[in-house]
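Subject: Structure handover

Hello,

Here is the structure you asked about. Please open it alongside this note, and then read on for what turned up.

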Amino acid sequence: METVNYNYAIVRSFITWSIIWGVVTVLVGVLISFQLVLPELNFAPYLTYGRLRPIHTNAGIFGWGIGSFFALFYYMVQRLCRTSLWSDGLAKFQLWFFNATIITAAVTLLLGYTTSKEYHELEWPVDIMVVILWVAFAINIIMTIVKRREPQMYVSLWFMLASLVGVAILYLVNAAEVPVSLFKSYSAYAGTNDANVQWWFGHNAVAMVLTAPPLAVFYYFLPKATGAPIYSHRLSIVAFWSLIFMYLWTGAHHLLWTPVPDWVQTLAMAFSVMLIAPSWGSVFNGYLTMNGQWHQMRENYLVKFLILGITFYGLQTLQGPLQAVRSFSSFIHYTEWVPGHVHMGAMGWVSLVLFAAIYYLVPKIYGRELYSIPLANLHFWLVLVGQLIYSISLWVAGLQQAGMWHAMNNDGSLTYTFMEAFVEMYPYWWMRGVGGLIYLVGILVFIVNLIKTAQGGKPAPEAIQNA
Amino acid sequence: MSSHAWEKKPVLLLILATVTILVGTIFTMVLPFAWVNTEHDRIETVSPYSPLEQAGRDLYIREGCNNCHTQTVRPLVAEVLRYGDYSKSGEFIYDRPHLWGSRRTGPDLARLGGKYPDEWHYQHMVAPTSMIPKSNMPAYGFLNDNLIDPDAVKKAMDVLGFPYSSNDIAQLEGKTEMDAMVAYLQKLGTGIPWRKAAEVEIIGELVNPFPKEPTAIAAGELLYAENCAACHGEELEGQIGPELDQDVYSDDELFELIYVGVTDAGMPSFASLGSTKVWQIVNFINYRETP
Ligand code: HEM
Ligand code: HEM
C-alpha cells in the first residue's frame, strides 16, 4: 500500500494553541467566579466582570472549542479520506490567523468594543477576521474531501460538513450591522426582531459548535479507542439528519415569555422536546458500541473520558428540553440554574471528548507514548469532580433562587426582596469557585503530562505513530 | 453495506445540509419579521433615545451591564409585582441591538426609569455597596472622569436615524459618561405610562395591627436598614430622601406614604413588601427608642 504523507505538524500546532486558550478560558472563568463573591476583585475599567465574562465565553467557544476542532478535523479528514491535506500552506496561514483573531478579540473586548450579543460580541472588523478564518478552513476541508481516496464518507465527515455551512449561515446573518466607526456598529435588526435573530444564532451556535463537531470527534475516536465499530450506521444516518433539521427551530426557547410572538415560542418548545430523539440516537449509538467492551471502562482511560462525555451529552439533552418547556422556563430562566446547564455541556461533554481525542493523538503528534497514565487518570477525576461541584451547586442555587423570586404571601405580596434572594447565592458561588479551582488543577495535570511526554516520553512504536 | 448517494458526494451532502438547515431558519427566524415591529406593535408614546440617552446606552453596552442585568419583564405575577408592568414588543423598536440579556445576577432594569432619583444613581454607580451593602456590582466611578464626545454621538444618531437638534448636540459639551448613563437608566421602561396605572390605591380604613409591639419594632428596624437607610440615612437623619426622625406622621399616614410611595418625587412604592412588613416599618419609625 502506498503511504500517505499526513500533515500531523499542523494538528500538533493547533492543539498546542487550543490548550493555551483553554487555560485562558479557565483562568478567566475562575477569576469572574470570584469577582461575584469578592467585588473588590473588579479592577475598573478593563478588568470588570462585565468585560471579562465575554472574554471567558469567547475564549471557551472559539479558542478552546473551535481551536481544538481545527486540529481534530485536520487529523480526521486526512485519515478518513486517506489523503494529505489539500493545502498545507493555507492551513499554516489559518493557524497564524487564528491566533491573531483570538488575540484581537481578547484585546478589543477588554477595551469595551462589543456588540453585546452573546457569543457574537466581536465588533465588525473582528467579524471579518472570523469569516476569513472560517472560509480558509472550509475550503481546505472540503477540497481535501473532494480529493479523497475513500469513496464512502464516514459519519464524522457529515457532521463536519454540516457545521461548516451551519456556522457560516448563522454567523453571517447575525453579523448584519451598520458601522459607525472602526469599533462601533449598530445591529441591522431592532428590538424583538434582533432578539429573535440573536437566539436563533445563539442556540444554533450550541448546535453547530458545541454539538456537531464534538459528535464528529466522538464518532471517530470511540471506535479508534475501543477497536469496536459504531453500533449502527442506520441510527447514525437518522440521528444526523433529524438533528440538523430540528435544531434550527428551537432558538426562541431562550425567549419564552418575552414579547417574541407566541407561535414562535411554541414551535421552539415543541421542537426542543422532539430534539431528545436525535440527541439520544447518538447517545445510544455510543453505549451500544460498548456492548461486550464495557471492561474497557476499567482498562482504558480514553474510554472513561469518552463515555462520561457522551453521558453528560445525554443528560444535557434531557435537561435542555426540560428548560424549553414554558412552565419550567418561567421558573429557572435567568437564574443560576442556567450556568449549571451550560457548564455540564462545556466542561463535561465538550471538554471530556476533546481531552480523549488529544490523548489518543499523543503518539502520533509527539512520536512518543504518553508519559503517565496515572496522571491522565488523576486529570480525569479532577475535572470530573470540579465540574460536578460546579453544576450541582448551581442547580441547587438556581432552584432556591427561583423559589424565592416567586414566593408570595397570602395577601398577594412578595415574600422576599431581590436582595434577600441574592445574598443566599453567596455560599453557592463560593462552592462554584472551589469547583473551578479543582478543574484548573486538573487542566494543569493534563498539561504537565503533555509537556513531560514531549520532552522525554518513551518513543512510540512506528506502527502506532503511523496507524 | 448499501449506501446513499450523499454519502459519496460531498457537494450533494453540503447542498442537502444547507436546505435542511434553512427550513427551520425560514419558519422561525425569517417569517417572524412579518409579525414583529409592525403597525400592530406600535405604541404611540414610545420615543427614540435622545443624544444623551443614546450615549448612555452605548456605555451600557461597552461596560457589559447586560451580563448581569436583563431588560424584559415577563407576564408572570411575581415578576410584575417585583419590577412593574410586563414588557411589550413595541417598546423596543428603537433598540439596536436589543439588551434583554439572559442572566439576572442583578435585578431586571426594564422598568427602572423613575424608580429612583438621579442622585441615587450617581451614588450607586460610584459605590454600589455604599447603598446596598451586600451588592456585588462593580464600582463604575471612572465614568465621572470621562467626557462624552458630541461628534461621535451625532454620528451615531445619524446612523440610527433618530431625530435631534443642533442644540441637543451642543448641550452634550461638558457632560460626563456618568451623566449619559444616568440619563439612559432614567429612560428605561418609561415609554408607556405604567407607573401611574400601577399606583396602588388604599381602600378602607387603616389600622396599625401591632401598635408599639417590641417584636414588630425590631423587625421594622431590620427592614428599614435593608430598604430605606440608603436614602433616608442609617439614623433616619435624611440623605437622598428627607429626614424621618421628626415624628410628624400618624401611623396610617406613614403607612400610606411607604405603601404607595411618592413615585414622581423619587420615593419608591413598597407595596411589594406586603402590608405586614410595611406596618413593622411604621412601628419602627414612630415607636423606636430614641437615644
Ligand atoms: C437537546 C438539546 C438542548 C436543548 C433543547 C437545550 C435547551 C436550552 C435552553 C432552553 C436554554 C435556555 C435556558 C434559559 O436561559 O432559561 C439553554 C441554554 C444553554 N445551553 Fe442548552 N440545550 C441543549 C443542549 C445543549 C448542549 C449540548 C450544550 C453544549 C454545551 C448547551 C449549551 C447551552 C448554553 C451555552 C446555554 C446558555 C445560553 C445563554 O443564555 O447564554 N445546550 N439550553
Ligand atoms: C474552571 C472552569 C470554569 C469556570 C470557573 C467558569 C466560570 C464561569 C462563570 C462564573 C460564568 C458566568 C456565569 C453567570 O452568568 O453567572 C461562566 C459563563 C460561561 N462559561 Fe464558564 N467557567 C469555566 C469553564 C468553562 C469552559 C471550559 C467553557 C467552554 C468551553 C465555558 C463556557 C461558558 C459559557 C458559554 C458561559 C455563558 C453561560 C450563560 O450564558 O449562562 N466555561 N463561566
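A salt bridge here is a side-chain nitrogen of Lys or Arg within 4 Å of a carboxyl oxygen of Asp or Glu. By this rule there are 20 salt bridges over all chains.

Before the details, some ground rules. This is a predicted model, in which local features need pLDDT of at least 70, side-chain atom pairs count only at pLDDT 80 or more, and totals for chains, interfaces and linings use all residues. Residues are numbered from 1 along each chain as its sequence is written, chains are lettered from A and ligands numbered from 1 in the order in which they are written, and side-chain values use heavy atoms, with hydrogens and water left out.

Side chains of opposite charge can pair when their charged atoms come close. Start with B:Asp95 and B:Arg57. They form a salt bridge, with the closest N and O atoms 3.4 Å apart. B:Asp95 sits in the loop between helix H3 (77–83) and helix H4 (118–126) of chain B, while B:Arg57 is in helix H2 (residues 51–62) of chain B, so the pair ties together parts that are 38 residues apart in sequence. (Helices are DSSP runs of H or I, at least four residues, numbered from the N terminus.) Are these two residues buried or exposed? B:Asp95 counts as buried at 3% relative accessibility. B:Arg57 is buried too, at 0%. The cut-offs: buried means under 20% relative accessible area, exposed over 50%, and partly exposed in between, with a 1.4 Å probe and protein chains only.

Next, B:Arg104 and B:Asp108. Their closest N and O atoms are 3.3 Å apart in a salt bridge. B:Arg104 is buried at 1% relative accessibility. B:Asp108 is buried as well, with a relative accessible area of 6%.

Then B:Lys154 and B:Asp158. This salt bridge has its closest N and O atoms 3.9 Å apart. Both residues lie in helix H6 (residues 150–160) of chain B, four residues apart, about one turn of the helix. B:Lys154 is partly exposed at 34% relative accessibility, and B:Asp158 is partly exposed at 44%.

There is also a network. Salt bridges link A:Arg51, B:Arg62, B:Glu63 and B:Glu177.

**Ligand 1**

Where is ligand 1? It lies between chains A and B. Around ligand 1 there are 27 residues, and A:Glu118, A:Tyr119, A:Gly320, A:His333 and A:His341 come nearest. A residue counts as near if one of its heavy atoms lies within 4 Å.

Now the polar contacts (pairs of N or O atoms within 3.5 Å). An oxygen atom of ligand 1 is 2.6 Å from a side-chain N or O atom of A:His333. A nitrogen atom of ligand 1 is 2.9 Å from a side-chain N or O atom of A:His341. On the chain B side, a side-chain N or O atom of B:Ser102 is 3.4 Å from an oxygen atom of ligand 1. Helix H6 (191–209), helix H12 (301–323) and helix H14 (337–366) of chain A are the elements that give two or more residues to this shell.

The shell around ligand 1 holds twelve nonpolar residues, 14 polar and one charged.

**Ligand 2**

Residues from chains A and B surround ligand 2, so this site is shared between chains. There are 25 residues around ligand 2, with A:Arg53, A:His56, A:Glu118, A:His343 and B:Arg103 coming nearest. A side-chain N or O atom of B:Arg103 is 2.9 Å from an oxygen atom of ligand 2. A polar side-chain atom of A:Tyr49 lies 3.5 Å from an oxygen atom of ligand 2. For A:Tyr390, a side-chain N or O atom is 3.4 Å from a nitrogen atom of ligand 2. H1, H2, H14 and helix H17 (426–456) of chain A each give two or more residues to the shell. That shell divides into 13 nonpolar, eight polar and four charged residues.

**One more residue**

A:Ala454 is in helix H17 of chain A. A:Ala454 is partly exposed, with a relative accessible area of 37%.

Best wishes

Note on methods:
Polar contact = N/O pair within 3.5 Å; in protein donor to acceptor, adjacent residues only side chain to side chain. Nonpolar A, V, L, I, M, F, W, Y, C, P; charged D, E, K, R; others polar.
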